[in-house]
Amino acid sequence: MRYAKLWYGLAVVVLLSFAVLGYYGFEIYQQAPPIPQRVVTTQGEVLFTREQIQQGQSVWQSMGGQEVGSIWGHGAYVAPDWSADWLHREAVAMLNILAQQRYGVSFENLSADQQASLKEQVKREIRTNTYNPRTGDIVVSPLRAQAIRRVSAHYAALFGDDPSLQTLREDYAIPPNSVPDPQRRSTMSAFFFWTAWACGTNRPHSNVTYTNNWPHEPLIDNHPTGSILLWSIISVFALLAGVGGMVWYFASRRQEDEEVLIPKENPLHGIQMTPSMHATIKYFWVVIALFLIQVVFGILTAHYSVEGLGFFGIPLARYLPYAVVRTWHVQLGIFWIATAWLATGLFVAPAVSGYEPKFQKLGVHLLFTALLVLVVGSMAGQWLSIQQRLGLDLSFWFGHQGYEYVDLGRFWQILLLVGLLLWLGLVGRALLPALRTRSDSRSLQALFLMSALAISAFYSAGLMWGRHTHLALAEYWRWWVVHLWVEGFFEVFATAVIAFLFSRMELVKVATATSAALFTAITYLTGGIIGTMHHLYFTGTPTAVLAWGATFSALEVVPLVLVGFEAYKNLKLSTVRPWVRAFQMPILFFVGVAFWNMVGAGLFGFLINPPIALYYMQGLNTTPVHGHTALFGVYGLLGLGLMLFCLRAFTLHREWDVRLLRFAFWAMNIGLSLMVLLSLLPIGLLQTAASVEHGLWYARSAEFLQTPLIQTLRWMRVIGDTVFTVGAVALAWFVVGLHTGRSMQPLEERAYPVSREHELVPR
């Protein structure tokens, strides 16, 4: 078998990596912070019960969960991190109570020696693990119980309508009475207490907390551990070694590159457009519509950071609060990108095999209908959930699950999984005849189909938690979806699709494309699967997770460092023949993908990947720097590039007027750069300095985020957002023009035949 070594290498990487990931999933289950049966005082008073903590988790999820602040650093960035905020407020409350009891003054008015003495007592109170595994109780002193009541009262007022906290609510972009039921507010406080308890309490027989001493909180000496520093150094070493090895590999193969005889005529003219391929056109209209709607909600999301309850004086939060618009902004991004990729799969499969299975067009129509139901239904359910108009069970099933990127209710999750399986069936049955035929491209087709299988299968990880699943385990499985599904197997799928398209156009040899695609899949997955654990450093996981995650997340960056070569080659290919220039704009989008892979996923990804960096940066605006540049810059541009490639195949008989499209490309990329460089990155770096100096609670506090400098930087985002939005509208206008004819002009006579079967009309 010609590619046997590469296939064996891919199989070994996948099997060993999942063995490691699975083993540590079991370790997380074993060593996760315990949820107590009761939280009781030494005098026997019950403060919270296990049922209240779990019920509070459900309340938090129903109100938007990680779209309203964050827990353990994961979530949104306008409101505080509730675990860090509770921990700090509880420590401050204990210090003030002790100061009043002993000295009759507030803590701030004590001498340095007196303050140091009280700090030591509070540190001992919080860091000592009083969980009794025999009874299942956490036992707290009357002092700590009094502090817990004070913090609980603060949160009850915050999520209610206490007028004294109206300014703070506006700073947090939380509407009054966001949780109108006092009982629900009480249980949510129980959940917040437990998350903070895990952050401040040492593991049994250890001087390190359940969250590896995260967050940075000087009041209780939560500082980076030796392991965090050690594995940060090792991760940098792994990156340098990996880059060196990759450079050596490419240098050793430089002379092996073969010249490719580019055909004079366009090989794609031989493709017969089948009914199911025509039926995919409407998917691309939906891609553009969802993209524009997502941009609108992105603008609203950004504006809420400076005007928490309105939009230039309009009380928009009454109807569309921050939690809703951020949920929709994140979710719509996933929807339109996935739709573009799935439509490409449906288009490519019959093009590969030249075979149209029976009822294939009907299947494409059914999948499209399910997509529309999913989008509208899930968004409506999320609005009802955040407005607290659903019971907690209904909210979990049809409303909001509270977990970022997998916000949609469980019913909609299942519907999406069914849709992915239907998509897999449609792609597989169309591709099967080609796989049965012995050809040079058989391995490439097999990789394409296997990546499609992985896309369908690995979304099922989102069904592995329930309403009361332990937060550490829910986070473990959530990152299977967010990291493995998106950053892992979608990446492999994209590699296979682009390799096939270029080989089908005879711009690269099939053997070269196949070898490159398999090698790329191996390098991505070598770091990508185990690298999932870098998201789990501080989510109640054992220290070994930190070691594996740090090392292999560094290896994730290795293949991204050299994608500049890929960008150069792609750009060079777009000029080799006159007919290739017809595909110059889709190829330019692929060049943009390579650039943002290097900068957004690579450079900005590694900025927050080492444990010592993430210790101070987790939950700060350095994360959306990576998120925006990787999600749109890589996956979004790739989705748009694949869409344009398919639309170009539909319109080969017409010449595109690409001036508007070229403007759209540069406006979106320049706008994204300005958004990051003028606003998100400076804010994130200032927050990092505040986190290092004062603690994470301060970096996320209204006191810091409402300073004039931060507010100015937030407003600076308008520049980048405006440029990006103009580019997005220009792209939409161009695509609409393909349907009306405004974006095309008649071809002059060419030396190659022109098929009139390629019509941009949905059937």
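**View 1. Asp137 and its partner Arg38.** Asp137 is buried here, with a relative accessible area of 8%. This is a predicted model, as are the views that follow. Asp137 forms a salt bridge with Arg38, and the closest N and O atoms are 2.7 Å apart. Arg38 is partly exposed, at a relative accessible area of 35%. Arg38 sits in strand E1 (residues 38–41) and Asp137 in strand E6 (residues 137–140), so the bridge ties together parts that are 99 residues apart in sequence.

**View 2. Glu45 meets Arg149.** Here's another salt bridge, with 2.7 Å between the closest N and O atoms of Glu45 and Arg149. Glu45 comes from the loop between E1 and strand E2 (46–49), while Arg149 belongs to helix H5 (residues 142–158), so this pair ties together parts that are 104 residues apart in sequence. Glu45 is partly exposed, with a relative accessible area of 35%. Arg149 counts as partly exposed too, at 38% relative accessibility.

View 3. The side chains of Glu67 and Arg326 meet in a salt bridge, at 2.4 Å from N to O. The pair links distant parts of the chain: Glu67 is in the loop between H2 and strand E3 (70–71), Arg326 is in helix H11, and 259 residues separate them. Both Glu67 and Arg326 are buried. In the model as a whole, the count comes to 11 salt bridges.

View 4. The model has 57 aromatic pairs by count. In this one, the ring centres of Trp60 and Tyr403 are 6.1 Å apart and the planes are at 75°, so the pair is edge-to-face. Trp60 lies in helix H2 (residues 50–62) and Tyr403 in the loop between helix H13 (392–398) and helix H14 (410–436), so the contact ties together parts that are 343 residues apart in sequence. Trp60 counts as buried at 1% relative accessibility, and Tyr403 counts as buried at 0%.

**View 5. Phe291 and Trp336, a tilted pair.** Phe291 and Trp336 form an aromatic pair with 4.7 Å centre to centre and 45° between the planes, which makes it tilted. Phe291 lies in helix H10 and Trp336 in helix H11, so the pair ties together parts that are 45 residues apart in sequence. Phe291 is buried at 1% relative accessibility. Trp336 is buried as well, at 1% relative accessibility.

**View 6. Helix H10 from end to end.** H10 covers residues 281–304, and at 1.5 Å a residue its 24 residues should span 34 Å; the end C-alpha atoms are 36 Å apart, which agrees. Of the 24 residues of H10, 18 are buried, so the helix is largely enclosed by the rest of the structure.

**View 7. Charges over rings.** Two cases are shown here. The charged end of Lys282 sits over the ring of Phe368, 5.5 Å from its centre. Arg742 lies over the face of Trp733, with 4.1 Å to the ring centre.

**View 8. Trp341 in the main nonpolar core.** The largest nonpolar core has 258 residues, and Trp341 is one of those with the most contacts inside it, along with Trp82, Phe159, Phe192, Phe291, Trp485 and Leu640. Helix H16 (residues 471–504) gives the largest share of this core, 25 residues. Apart from this core lies another one, of 7 residues, among them Ala554, Val557, Val558 and Phe606. Back to Trp341: not counting residues up to four places away in sequence, Trp341 touches Phe490, Glu491, Phe493 and Ala494, as well as Tyr635, Leu638, Gly639 and Leu642.

**View 9. Ala338 in helix H11.** Ala338 has its place in helix H11, which runs over residues 322–353. Ala338 is buried, with a relative accessible area of 14%. Between Ala338 and Leu6 there are 28 Å in space, C-alpha to C-alpha, and the two are 332 residues apart in sequence.

Methods:
Residues are numbered from 1 along each chain as its sequence is written. This is a predicted model: local features need pLDDT of at least 70, side-chain atom pairs count only at pLDDT 80 or more; totals for chains, interfaces and linings use all residues. Side-chain values use heavy atoms; hydrogens and water are left out. A nonpolar core is a set of buried Ala, Val, Leu, Ile, Met, Phe, Trp, Tyr and Cys residues joined through side-chain atoms within 4.5 Å. Buried means under 20% relative accessible area, exposed over 50%, partly exposed in between (1.4 Å probe, protein chains only). Helices (H or I, at least four residues) and strands (E, at least two) are DSSP runs, numbered from the N terminus. Contact means heavy atoms within 4.5 Å. The expected span of a helix is 1.5 Å times one less than its number of residues. Rings of Phe, Tyr and Trp (its six-membered ring) pair if their centres lie within 6.5 Å; planes under 30 degrees apart count as stacked, over 60 as edge-to-face and the rest as tilted. A charge sits over a ring if NZ of Lys or CZ of Arg is within 6 Å of the ring centre and within 35 degrees of the ring normal. A salt bridge is a side-chain nitrogen of Lys or Arg within 4 Å of a carboxyl oxygen of Asp or Glu.
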